[in-house]
Amino acid sequence: MNTQVPATALCVSDLVVHFPLSDGKVVHAVDGISFEVPVGTAFGLVGESGSGKTTAALACARLVEATSGTVQLGDIDITQATGNALRAARRDIQVVFQDPFSSLNPRERAGSIVRRPLDLMRIGTPTERERRVDDLFATVGLRPEQKTLFPHQFSGGQRQRIGIARALATNPRLIVCDEPVSALDVAIQAQILNLLARLKRELGLSYLFISHDLAVVQHLCERIAVMYLGQIVEIGSRQEIFRKPMHPYTMALISAVPSTDMDTADTRIRVKGDPPSPISLPPGCRFAGRCPYAVPRCSESLPELVTRDGSHSVACFRTDEPELQIKR
Amino acid sequence: MTQNLLSVQDLEISFRTVAGEVQVVRDLSFELAQGEVLGIVGESGCGKSITALSLLGLVPNPPGRVSKGRILLEGEDIVTASERRLRQIRGNDISMVFQEPMTSLNPVYSVGEQIAETARAHFNSSRSEAWERAIEMLQLVGIPSPERRAHEFPHQLSGGMRQRVMIAIALVCEPKVLIADEPTTALDVTVQAQIFDLFRDLQHKIGAAIILITHDIGVVAQMTDRVIVMYAGRKIEEGPVSAFITDPRHPYTRGLVNCIPRLSLDPSDDPEPLFEIPGVVPSPSDLSLPRCAFAPRCRNAFALCLEKSPPLLPVAEGRAAACWLETEKPG
């Protein structure tokens, strides 16, 4: 390892994605988030459904258009790139989708699915592409002779391997993984997570990893951001987030995970109700309505994301209050 | 042991396929006591959901049927019960919360009507009584302003609210047995925690026995008293939940318990690779061989495993496992 500041694979600043509705209202899916993914690391974006994590990830690959903000991939701003520049940028950023059943074309053979990005990007000669597909199959733990099979002839875990091989085809720098294991059986999840960890180590890949499963994110990601209703409420290293969570929502998320130690049920931080709608947002902290520690100030103004120590930032007025210092 | 509410004996469920009849559940026996929470754990295709359906007489026939065994609810056999009798049992004695609250609720009726419908079907009560009962149930499952919510339609409610409505429907007749098939997989963790709090609460209030079907080991640890592990249609391990978590006996159970990433409050910089169970679940039509169904994926398999399927034998007080390693050590 060198001592230089590690290069950045992806740099997102002030990304905003709003979806206008027909009645003039706006869905605030992503509302001004910033983060960096250093080369060779995994960055986890966690949050519940509707928090905007998937929209943020798709905007990074420009599969949805950003309303404002920049997504810097190397020296290209992918939100502004057009034509050939965008095409070239997409060599460097690929996506593995959640559902391995609907994200593969059922009428295409596995080999052709994996070769498709090479064809589209015109990488290598036809024989080189075929050889690359063989290599990719081996890399993700499939046998090259399975190239001629159709997606329905594979199990869920094997299909996700095909999805990963397809994402690897163009030798990208960064792979966006959108809940890549949540549709899989537990025993298969472990196989895919181990594969992703091995590829990161061996190929120096970076991941933008989207998940609602804290244990999975903790296992794979060096840095983690917690999203709530379109905003990052806490961001920090794996150790910072789990050793000393500072936002009440992060604490609630961590304590809501059913633990296999059987005596933790009573130390839980319970949150009430459901998140408010991303159409009509409250003026103050978006979590205030569900937060057990909220004071009147919380519903009046929105706390900013403030760096506390090291690389650990939190958006909460009350994070220093004694009642928020969690007991272990 | 107290008197058993539900007793499943040598249950076998078969499905007709183009390749002949296949058994998706075999030799399944278990007991459920009053007030107990039983977990049924396994991967998709292990037969856990069809077992749940069979308890309600809901195995789709054709192509499926209960081909052997008995399901006794307080001594009465559900397998041979008439459709008329089954309609009385469903909802009244045994009810079920399904996995997908969105597809299990009727989109064109208000949630209040859907709860009231169940009450009217079983209690012969008037419309207004049933409606009041529906509002009471919505209150019980923790839906704020139930009088207003009762008039709303499923699409107006969030996922957590919908699942609460499902639970309200399941509990409106105060069943003796509540079956919950992956009741929280479609929900977020904070909402999942709320739903499980609700289950615990209701269990205290109503005293129902619960069968919880899940693949989430954390949920099992938090919610259940006793666990059955199923693999390829068979029960391969059974025991109290603490033993299941801390000292699993069957290699498959051990794999299931160890392959999940555990949330740590003090994570290390460089996590160890997860334990993997190699390979995939066999399809029911692959099970014609006499060997142990798990043998092809088992690291500890030896000659006997490939010759004969191991029987389920007691391994400790209140525990059983179907593995030759527990009974016939190799060499």
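In chain A, residues 24 or more positions apart account for 62% of the contacts with a separation of 6 or more. The model described here is predicted. Chain A holds 9 helices and 12 strands. Of its 328 residues, 48% count as buried. The C-alpha trace of chain A spans about 65 × 50 × 50 Å along its principal axes. The radius of gyration agrees with a compact globule: for 328 residues such a globule would have a value near 20 Å, and chain A has 21 Å.

One sheet of chain A was examined strand by strand. Four strands form this open sheet, and their order is β2-β1-β4-β5. The pairing is antiparallel. The edges are taken by β2 (26–38) and β5 (76–77) of chain A. Each of these edge strands pairs on one side only. A helix also belongs to this picture. Helix α1 of chain A, residues 53–60, packs on the sheet. The helix touches β1 (8–20), β2 and β4 of chain A. The direction of α1(A) makes about 120 degrees with that of β1(A).

In chain B, attention turns to strand β3, which covers residues 37–41. The strand is mostly covered, with 5 of its 5 residues buried. Both faces of β3(B) are covered. On one side lie V37(B), G39(B) and V41(B). With β8(B), residues 209–214, it is joined by 5 bridges, and the two strands run parallel. In this pair, V37(B) has I210(B) of β8(B) as its bridge partner. With β9(B), residues 226–231, β3(B) is joined by 4 bridges, again in parallel. In that pair, I40(B) stands opposite I228(B) in β9(B).

K235(B) lies in strand β10 of chain B, residues 234–240. Is this lysine, K235(B), buried or exposed? K235(B) counts as buried, because it has 26 C-beta neighbours inside 10 Å and the cut-off for a buried residue is 20 or more. Neighbours within four places in sequence left aside, K235(B) is in contact with L28(B), F30(B), I228(B), M230(B) and L312(B). K235(B) and G47(B) are 188 residues apart in sequence. In space, their C-alpha atoms are 9.6 Å apart.

The last feature is the contact between the two chains. Chain A gives 36 residues to this contact, and chain B gives 36 residues. On the side of chain B that touches chain A, the elements giving two or more residues are α8 (189–206), α9 (217–223), α10 (241–246) and α11 (251–258) of chain B. The largest share of that side, 5 residues, comes from α9(B). By class, the side of chain B that touches chain A has 19 nonpolar residues, 11 polar residues and 6 charged residues.

Key
Residues numbered from 1 in each chain as written. Chains lettered and ligands numbered in written order. Predicted model: local features only at pLDDT ≥ 70, side-chain atom pairs only at ≥ 80, totals over all residues. Contact = placed C-beta atoms within 7 Å. Nonpolar A, V, L, I, M, F, W, Y, C, P; charged D, E, K, R; others polar. Buried ≥ 20, exposed ≤ 12 C-beta atoms within 10 Å, placed from the backbone. Pairing = 2+ DSSP bridges. Axes fitted to C-alpha atoms, helices over the stretch in contact; angles between N-to-C directions. Rg over C-alpha atoms; globule rule 2.2 N^0.38 Å.
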